[in-house]
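Please keep the structure in view while reading the points below.

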Amino acid sequence: MTGLEQGMRPLARLQGIVKRYGDVIANDHVSLEIEAGEVHALLGENGAGKTTLMNVFYGLARADAGWLEFEGRETAPRSPRDAISLGIGMVHQHPLVVGSLTVAENLLLGGVGDGTASGVRAAAKATASAMAFDVDPTARMDSLPVSQRQRVEIFRCLARGVKLLILDEPTAVLTPAEVSELFGRLRKFADEGRAVVLITHRLSEVVEIADRVTVLRRGRKVGTWPRGAVSSDELATAMVGRMPEPVARPRVSKGIETPRLSARNCSGADLHGQVGLESCELDVSGGEILGVAGVEGNGQTVLAELLFGLRMPATGTIEVEGRPMPLVSSWLSAGIRVGRIPADRSAHGLVPDAPLWENLLTGPYAPGWLSTLRRKAAVSRAREVLESFDVRPPDPYALGRELSGGNQQKVVLARELSVSPRTVVAVNPTRGLDLGAQSDIQRRLSDLRSEGVAIVLISTDLDEIMALSDRIGVLYKGTVRGPYARTKVTREDIGRLMAGLDVASTETTPAVAAEQIAS
Amino acid sequence: MTVSDARIARIPGAAARTLLAIAGAMAVGAVVLALAGLPLASTFVSIAEGAVGSSFAIREWLTEAAPITLTALGVAVAFRAGLFNLGGEGQIYIGALGGVMIALTLTSLPGAVLIIVASLAGMIAAGMWGGIAGVLRARLGLSEIITTIMLNFSAFWLVSYLVHGPIEDPHGTRYPWTEEIVARAQLGSVGGVLPIVAIVLAGVTVVVWAVLERTGVGLRIKHCGLSQTASRFAGVRVGGVVLLAMVLAGSLAGLGGVMSLLGDQHRLSDFFAPEWGFVAVAIALIGRGTALGTLAAGLFIAAVRSGVDQAQATAHVPSSVAEILLGAVVLFMIIANADVVMRYARRVSVSGLFTTRRHAGIP
Amino acid sequence: MQEFLEILGSAALYAAAVRLLVPLLFAAIGEIFAERAGLVNVGLEAMMLMGAFGGVLGAVDTGSAVLGLIIGVACGVTVAAIQAAIAINLGGNQIVSGIALNIAVLGLTSFLALTIWRNGNVPPVPGFGILDLPALASIPFLGTVLFRQTVFVYVAIIAVPVAWWAMTRTTWGLRLRACGEDPRAVDSLGIPVLGLRWQTMLIAGALAGLGGVFISLADVMTFSNDISAGRGFIALAVVIIARWSPVKAVFAALLFGGLEALALRLQTTNLHLPTDLLLALPYVATLLVYAGVVGRTVAPAALGRSYTRA
């Protein structure tokens, strides 16, 4: 029974919201009601328009049509300031805190405390026990792990006394344990008569916490249901319009061979000079996918930089086919063929403002400094490559940033696979892509594996790791734990390892540690 | 409209916006002239006549165009690498200094050899001078905007010191300048109209165009300018590209200095290249950082400058009008290219020259 | 050698250094506000030059140095408003617009000077005289250096702690620093990013204009073409060397002002020094110090980037 039927008005209401970005319609006449006391999940694929819809409510985006209502009064937030004064708070996917300022200063910026730094420090300490807010107020924000930063941001909203709290994919940066802690807090918050909107693309989270769920697909609302009214399968269908095909994983048995790519006792510092990677050991052979799981910020960046040949390890060695791996600039002359798929395809994988035909001519295998560029030939070859990889549009003159994420990733793949690499290193290759592009990329990786290519898949997406990997290592605080054979571990085991817990100590899977493949 | 159509629409769009900006600046110029109480129509006529009204005027125009446009080509190369080379003036002085040292000392060489050696000396000296800013940027991350300005003053005072003493004209003229270079080393003109320095300019423009648009180096310079992050990931030694771009920029400006020395002024003085560095920056901006665009912009701006210079005597037009016009053209180009004003504006060759991107790292 | 040491020990040298550092300091403090908020302002030179011109124009026309000062500052603010509109609202490239303003203002001031004062003969200017501070002026040495100066020097002495306080001890300062680091985060908190950036750019224009007025109305007492002579660019270097701190800016400006005062002083001696090379010294030294400190400085993260909501 909804509030309307009881003759009460909902806490918040969006009616017929339309938001366009150029030719793209992000929200197409979306209507939504949020009741006091509920946790309302906004479910949809990446790019379904969930964040845009909430940005409209928070004053970060202006709707082209439609109207908003909060506590029974029509409103049109022109900026977050308006939304904040109404009592709306939003926690973004990537914490919006100022890294170079301290925790206290960030709280002060958000209007917490009496306007002085010491007042904030006091306020922070006073409420610390209330929400287990055990953060040093004088610490610089960028010295904290992402989960802590998010906690500061949530605390900042709560301290302002918001009535509606919007969280955008808050669990992406959290371990399973932290997720359940967060959900407990959200439940309590809603039970106090306020409301939570949880933006997510994970069905499991909807089932776990939401009172009601609204599904968006391609900018349109599919429907709103109370929990339990629809099954998970039905929600999944509503979300994607079709069931995604599972990636086929042919299990080929392979002989023992020397590893194609291996890291021995590798260490390296992260950007802030702290240890990012410590005594890391891993190896991968032809015809297998080695998955490296882990919560973001546990050394993935450093590991990727080392495997991409962007820098040398501080200690230890990295070997490709038995030879020490030099920096990427000399891969061509050293005859090393490793395909590199970076996490940030739009900033690292591509020169966003250069046309695609030029983007296909970058990287270690690009034409040399003194070579002349035969432009016509390069452009027509680019057109062929783009067509064969089904890049849309297959226009060699399109700029990198004009493509969707999935198509950008295809361009990166097209370039990296054009030299027939024997090894591929991929970091979060499907993050942020829609399901179609996701399964497309995953299938390509799987095909490469069948062709005998050795693949290292560093991913924070546990589902992807479980679906693709033959062996799984877990990055935790800069060290790789495992790897374990995929068939010998459960999703829960990996989750525990990601949180720094020991699998061997649990009674459910006593055999796991023993199954660890010796390297 | 398909993407290809949109691409085709970009280039005339860019040219149209440049012409629009020039028209806007002309309007500002007209207001300024009117404020000064000058009759508009006849003043414009005298400026035009001063620029191209006679074979003498044309020769003067092209002679003036060569050094600043060569310098502007250097600025354009730096733009490609994402660098703001404000050091044109200092690089011109150092280039001319290198040239004049050769021209004054190796006087026994045959004319053609002397000219080539002097040009090379100027280019090498100025290339190294520009390279200082390049090294400081590549190694230490120093903003080239500030270092090139400091290097300008340093170069100026160095030359000033030299022409007031060590290489001062021994024949006791009143001015702080060197003696005139030998006639054999002076560059004249073809048929009294086409200065040899302008032919050099045309040839160098073609070379710069070919390097930027048709070689692996050019591609790397461009990509470094568009995204250092992506270039670093691709394995390009970004520092090397930055250094190379600044050395090229310096040597082009240095060649400009030598051309002014051999083809126009024949002496080095401490009033050799006033504010030329900034004029060159504006020209490269108007030319959108492309070689051919810079050539066109350089010819246009030089025509305005030389026309105003001539009209200063004939129609009492203050020479500063040319600078107002130049600054106004660039300001109008920023406005004409602003996202807010024109949604699909920007790019063509050097993206982000007039608009800032979120990832543009400056300085 | 004896003569050189005498110069080094003379209060006159340090008084001159203070005079030379004041315009740099004003411009640098204004620029620190702008850069802390994420704006890079290469047009500082244009703002100083316009301020110097406006000061003389106002003082000559009204016969009052104070009115000249007000008009000069207003001129600096006007140039800043153009820069702000382009950099903040149009998302234009901040460096390019600064360069364009420098060229345009250089031409405009010399054109106006020529047209208003026929042939550039500027009439006598009512400027700011020396104002001895009672008691303080009689302190040996220090009195001559600091307290027998024009009112500008005293304002500068006050401006430094005020700027420091505003930047580090007020919510406004915290907000503008956050603006320069992460405008998106600031915007999401409902703090008006563009408004704050406008404020800092206008402050930069006013202070650069003030620096320009000091040059034309309290130091040189006239206007000539390009009278600011690159001071705006030196101020940009001062800001970086001072690591965006108004207090350290005093020392960075003193480095340049002190060396320039020394070079100028040595010119008038009969030591037969290569004076032109000495005049290059402040620039070379600034370059070297810049190279020395830069590794340890961290610029505001969003410096030079325009901000618009997606």
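A salt bridge is a side-chain nitrogen of Lys or Arg within 4 Å of a carboxyl oxygen of Asp or Glu. By this rule, the count between chain B and chain C is zero salt bridges, whereas the rule finds two across the interface of chain B and chain A. The model is predicted.

**The interface of chain B and chain C**

- The contact draws on 54 residues of chain B and 47 residues of chain C.
- Chain B and chain C bury about 4,400 Å² between them, and carbon and sulfur atoms account for 77% of that area.
- Although there are zero salt bridges here, six residue pairs are in polar contact across the interface, with both residues at pLDDT 80 or more.
- On the side of chain B that touches chain C, at least two residues come from each of α5 (111–140), α6 (144–163), α11 (276–286) and α13 (320–337) of chain B.
- The largest share of that side is supplied by α6(B), with twelve residues.
- By class, the side of chain B that touches chain C consists of 37 nonpolar, twelve polar and five charged residues.

**The interface of chain B and chain A**

- Here 30 residues of chain B and 36 residues of chain A take part in the contact.
- The area buried between chain B and chain A is about 2,800 Å², with 58% given by carbon and sulfur atoms.
- R214(B), R220(B) and F233(B) supply 25% of the area that chain B buries against chain A, which is more than any other three residues.
- One of the two salt bridges across this interface joins the side chains of K222(B) and E358(A), at 2.9 Å from N to O.
- Between chain B and chain A, eight residue pairs are in polar contact, both residues being at pLDDT 80 or more.
- The elements of chain B that give two or more residues to the side touching chain A are α1 (3–35), α7 (196–214), α8 (216–226), α9 (228–233) and α10 (238–265).
- Of these, α8(B) provides the largest share, seven residues.
- The residues on this side of chain B comprise nine nonpolar, nine polar and twelve charged.

- Strands of a sheet pair through backbone hydrogen bonds, either parallel or antiparallel.
- Strands β17 (residues 423–427) and β18 (residues 454–458) of chain A pair in the parallel sense over five bridges, and V427(A) has I458(A) in β18(A) as its bridge partner.

**The four-stranded sheet of chain A**

- An open sheet of four strands in chain A has the order β2-β1-β4-β5, with antiparallel pairing.
- The edge strands of this sheet are β2 (24–34) and β5 (73–75) of chain A.
- Its neighbouring strands are turned by 30° against each other on average, direction ignored.
- Strand β4 (residues 65–70) of chain A runs antiparallel to β5(A), joined by three bridges, and E69(A) stands opposite E74(A) in β5(A).
- Helix α1 (residues 50–58) of chain A lies across β1 (12–21), β2 and β4 of chain A, at about 115° to β1(A).

Notes. Residues are numbered from 1 along each chain as its sequence is written. Chains are lettered from A and ligands numbered from 1 in the order in which they are written. This is a predicted model: local features need pLDDT of at least 70, side-chain atom pairs count only at pLDDT 80 or more; totals for chains, interfaces and linings use all residues. Side-chain values use heavy atoms; hydrogens and water are left out. Contact means heavy atoms within 4.5 Å. Buried area is the accessible area (1.4 Å probe) that two parts lose on being put together, summed over both. A polar contact is a pair of N or O atoms within 3.5 Å; within protein, one must be able to donate a hydrogen and the other to accept it, and residues adjacent in sequence count only if both atoms are side-chain atoms. Ala, Val, Leu, Ile, Met, Phe, Trp, Tyr, Cys and Pro count as nonpolar, Asp, Glu, Lys and Arg as charged, and the others, Gly among them, as polar. Two strands pair if DSSP finds at least two bridges between them. Axes are lines fitted to C-alpha atoms, for helices over the stretch in contact, and angles run from 0 to 180 degrees between N-to-C directions.
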